[in-house]
Amino acid sequence: MVISLDQGSGSHIPSLRRFLWASALAVACLITIAIPAQATESGTVAVGGHGEASAVPDLAVISVGVEVRKPTAAEAVEAHATSARALLDSVHAQGVSDRDIRTENMWLNPVYEYDESGNSHLAGFQAGQAFSVKVRDVTKTGKVLRAAVDAVGDAGRINGVSFDVEDRAALRHRARAAAFKDARAKAAQYAQLSGQRLGDLLSVNEAASSGAAPIPMLSSQDADGVPVPVALGEIREEIDVVVVYQMR
């Protein structure tokens with residue numbers, strides 16, 4: 001198609017240009033419709049998976065310590081040292097080795113008291129020490145706590161008890177495998193629902209979290225006396241993953 005423009009008719013040039021653009025666009029559309037549609041690239045599917053693994057704790061970490069109050073700093077330090085030695089001896093007697101005992105904190109602080117007028121005066125000194133103790137035989141956790149308290153009397157302090165598994169990596173591997181299996185199953189289902197097949201794995205992203213669910217597993221009484229009752233609970237590792245697969 002050839003369209004000639006009369007250079008002498010300047011007033012009609014804008015209209016003709018609009019006509020030419022419209023004609024070119026229409027021809028382009030016809031050409032596009034005439035060409036067979038090309039196959040598009042394979043789509044992708046992104047899904048999340050959740051996995052859990054649990055185990056009974058095989059390791060206990062207890063935080064115990066001593067704290068004493070005396071009129072002078074020297075007396076407080078001496079009394080604290082005596083109580084600390086007694087506590088450590090009692091823990092050793094329960095089979096806990098030196099490598100599993102660590103000093104976490106130590107302090108010596110003045111103690112002030114106030115009279116009826118609101119005036120303060122030095123009333124003495126407070127000295128103490130906190131230890132972290134690993135108990136590798138969790139069935140003895142209550143006995144270790146009881147032994148520590150009995151050894152130091154009123155100077156004893158129990159600051160906390162936590163449980164864990166020695167090989168946390170093995171627990172995490174099981175949770176990871178469960179999370180990936182869950183995600184792949186979801187991706188395969190989506191591929192099937194869309195009439196396609198699951199293709200190559202394109203990416204995996206992981207977010208991990210862990211928690212403990214308590215269950216009643218109290219230590220029992222034995223011939224050596226009544227141990228402090230503790231609930232071991234259950235250590236649970238949870239992992240979430242997001243996977244992206246190609247679909248064919």
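**Entry 1: the chain as a whole**

I read the elements from the N terminus on, and they run α-β-β-α-β-β-α-β-α-β-β. I counted 4 helices and 7 strands in the chain. Both kinds are DSSP runs numbered from the N terminus: helices are H or I with at least four residues, strands are E with at least two.

I noted that this is a predicted model, where local features need pLDDT of at least 70, side-chain atom pairs count only at pLDDT 80 or more, and totals for chains, interfaces and linings use all residues. Residues are numbered from 1 along each chain as its sequence is written, and side-chain values use heavy atoms, with hydrogens and water left out.

I looked up burial next. The chain has 248 residues, and 29% of them count as buried. Buried means under 20% relative accessible area, exposed means over 50%, and partly exposed lies in between (1.4 Å probe, protein chains only).

I then took the accessible surface, about 15,600 Å² for the chain. Carbon and sulfur atoms hold 54% of this surface. The areas come from the Shrake-Rupley method with a 1.4 Å probe; for residues, only the protein chains shown count as cover.

I checked contacts too (heavy atoms within 4.5 Å). Among those between residues at least 6 apart in sequence, 78% join residues at least 24 apart.

**Entry 2: the sheet**

I traced an open sheet of 4 strands, in the order β3-β4-β2-β5, with antiparallel pairing. Two strands pair if DSSP finds at least two bridges between them. β3 (101-114) and β5 (156-164) each have a single partner strand, so one side of each has no neighbour in the sheet. From one strand to the next, the twist averages 15°. Axes for such angles are lines fitted to C-alpha atoms, for helices over the stretch in contact; angles run from 0 to 180 degrees between N-to-C directions.

I followed one pair further. Strand β2 (residues 59-70) is joined to β5 by 8 bridges, in the antiparallel sense. Val-64 has Ile-158 of β5 as its bridge partner.

**Entry 3: Ser-83**

I found Ser-83 in helix α2 (residues 73-93). Is Ser-83 buried or exposed? Ser-83 counts as buried because its relative accessibility is 13%. Leaving out residues up to four places away in sequence, Ser-83 touches Val-66, Val-68, Val-152 and Ala-155.

**Entry 4: Val-204**

I located Val-204 in strand β6 (residues 198-213). Val-204 is partly exposed, because its relative accessible area is 42%.
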